Amino acid sequence: MAERTVVDLVVERLRAWGVPRAFGCPGSAIAPLVEALDHAGGDPAFVPARHEETAAFMAAGHAKFTGGIGVCLATQGPSAVHLLNGLYDAKLDSKPVVAIIGEDVSGPLGNAHQEIGLSRLFGDVCNQFVRYARAPEQAAPLLDQAFQTAAATRSPTCVVLPRALQVAPVRERYPQSGRLVTATPGAPLARVLPHDADLDAAAALLTTGSRLAILVGQGGRDAGTEIVALADRLGAGVATSLLGKPVLDERLPFHTGVLGEVGTAASAQLMGGCDTLLMVGTTEPWTEYLPLPGQTRTVQIDIDGRRIGSHYPVDVALVGDAAETLRALLTRVPERRNPQWRGTVEAAVDRWRAEAAERAEAPAEPVNPQLVLRELSARAPRTGAVAVDVGSVLYWYARHLTLPPGVNAQLCGTLGSTGCALPYAVAAKLARPDQPVLALLGDGAMQLNGLAELITVAHHWPEWADPRLVVLVLNNRDQSGVGGGRTYPATTADRRPDVPYAGWARLLGLHGVRVDRPDLVGPAWDEVLAADRPSVLEAVVDARVPLAPPEPAFADLRGVFAAGDAARRVRDRVLETAMAVEAEDIR
């Protein structure tokens with residue numbers, strides 16, 4: 001019988017923590033662990049990516065789509081450096097990921113091949129936990145602590161395993177002496193609820209306002225029912241952050257859509273008109289779209305107290321799980337509807353939806369990118385996942401794709417790194433091979449890493465119960481960095497080299513469709529969503545279509561001392577006039 005080694009123990013600990021797969025790129029310093037995973041019979045599996053950066057994005061995507069802990073592997077030196085982008089994504093979006101780094105340094109330290117200071121390299125992104133295993137007896141406890149810390153802090157952690165240690169024999173899992181701390185795999189986190197006094201204060205504040213707005217972020221993902229119940233009880237309008245877009249049914253008449261630069265005019269108007277604000281699980285980055293300072297009284301709910309008040313002044317802080325905190329609030333808040341305010345909100349939503357439809361139908365050369373996402377809305381699968389990249393596609397996704405209730409959508413929200421969508425989609429598909437997955441990206445992201453990761457898709461898809469993984473590439477051939485709606489002619493230097501994205505998919509044995517006429521967009525979606533294998537839908541779109549960020553409400557007052565009486569009087573007068581007009585229209 002082969003002697004038990006440290007990597008065998010590592011595989012056992014990954015299995016104990018419920019890790020279904022680890023993503024990475026093979027290399028000499030991590031080869032013993034990769035070999036042990038290959039012999040593990042798929043429990044857990046090793047998923048080789050085409051690049052370490054995409055492996056880290058896959059680990060972050062796994063954490064985002066499943067709620068579990070993502071795992072990525074790399075070797076020292078440049079391989080480890082390439083993990084940083086995906087790990088920072090996990091850190092800034094508060095997702096648990098464990099990075100396991102193999103190191104193989106021989107000879108004098110300080111001048112070894114591919115030697116870098118791993119503790120310093122990962123010291124910021126994995127600031128909660130970075131440790132070296134120096135003896136066989138340390139491997140299991142350190143891995144347990146890494147997983148426990150990642151789960152408890154919702155952040156990435158790192159364990160370094162020297163190659164020589166990986167192949168070292170191990171006799172017992174934990175030493176009988178010493179002070180090594182161990183953890184129980186999968187131990188649940190504590191239930192977190194605010195104090196009763198804080199809940200009472202929040203309930204009193206929410207019921208004294210007359211124009212309530214609720215802003216929902218990713219922290220509200222399990223609280224959709226409670227958010228809608230509270231909004232109905234108080235006659236509130238609801239907007240979401242970009243990460244909070246999947247939380248609620250976007251067809252609700254009082255749902256104004258996404259807030260911020262990529263968002264809707266209705267959401268900007270909601271923030272401009274409210275006098276009371278409830279923030280649920282969000283630290284909205286586009287603070288210029290939030291109400292003017294001094295305009296509202298604000299309650300914020302977040303599981304992490306460090307985030308409360310970090311972007312916007314808060315009157316009552318509620319540290320707790322969103323769903324349970326909202327359920328506790330509902331027992332304290334009496335029904336206090338304001339039909340006039342709710343009618344104003346719904347009228348703004350109706351206006352925006354009509355405007356969005358008009359924008360999507362506007363002529364473009366050759367295809368309007370907004371039309372591509374709007375046509376998907378009518379056909380989007382009712383189950384599965386959507387992964388969205390960075391760039392103009394984010395604007396069209398935020399405004400024109402109505403997500404079916406229950407469909408999970410993820411993006412690189414806080415870091416905003418291009419090239420996340422296809423790795424995310426791979427992770428989502430491997431987690432649920434029986435459900436369809438969509439990846440939405442531009443030609444820049446596709447050239448950055450998507451072309452390579454299609455090889456990963458081509459390798460795995462025959463194993464999937466539902467073969468549909470559809471990659472939308474908005475091909476506008478623009479690499480100027482200026483964005484949509486430029487007013488000057490594109491130069492040769494501004495144009496990205498064209499690539500036959502759909503043709504590349506076909507070369508890999510996948511399905512590929514190229515669209516350059518508006519009337520073919522709908523049929524193309526029908527074709528790829530019915531295909532018997534993964535597909536690339538390449539839409540040749542017009543780079544000149546303007547991104548048109550919505551104007552923040554009272555933008556002209558934001559340079560004034562907003563908390564001053566003069567600014568407040570102007571704002572209140574405008575609001576009174578607007579609401580009187582809306583009330584007349586409603587009647």
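**Close-ups of the sheets**

**View 1. The open sheet has 6 strands in the order 9-8-7-10-11-12, paired in parallel.** Helices (H or I, at least four residues) and strands (E, at least two) are DSSP runs numbered from the N terminus, and two strands pair if DSSP finds at least two bridges between them. Strand 9 (255-258) and strand 12 (316-319) sit at the edges with a single partner strand each, so one side of each has no neighbour in the sheet. On average, neighbouring strands here are turned by 15 degrees against each other, direction ignored. This is a predicted model, where local features need pLDDT of at least 70 and side-chain atom pairs pLDDT 80 or more, while totals for chains, interfaces and linings use all residues. Residues are numbered from 1 along each chain as its sequence is written, and side-chain values use heavy atoms, leaving out hydrogens and water.

**View 2. Strand 7 (residues 212-216) and strand 8 (residues 237-240) pair in parallel over 4 bridges.** Look for L215 opposite A239 in strand 8. Helix 10 (residues 224-234) packs on the sheet, touching (heavy atoms within 4.5 Å) strand 7, strand 8 and strand 10 (276-280). Its direction makes about 170 degrees with that of strand 7; axes are lines fitted to C-alpha atoms, for helices over the stretch in contact, and angles run from 0 to 180 degrees between N-to-C directions.

View 3. L73 stands opposite G24, and its bridge partner in strand 4 is I100.
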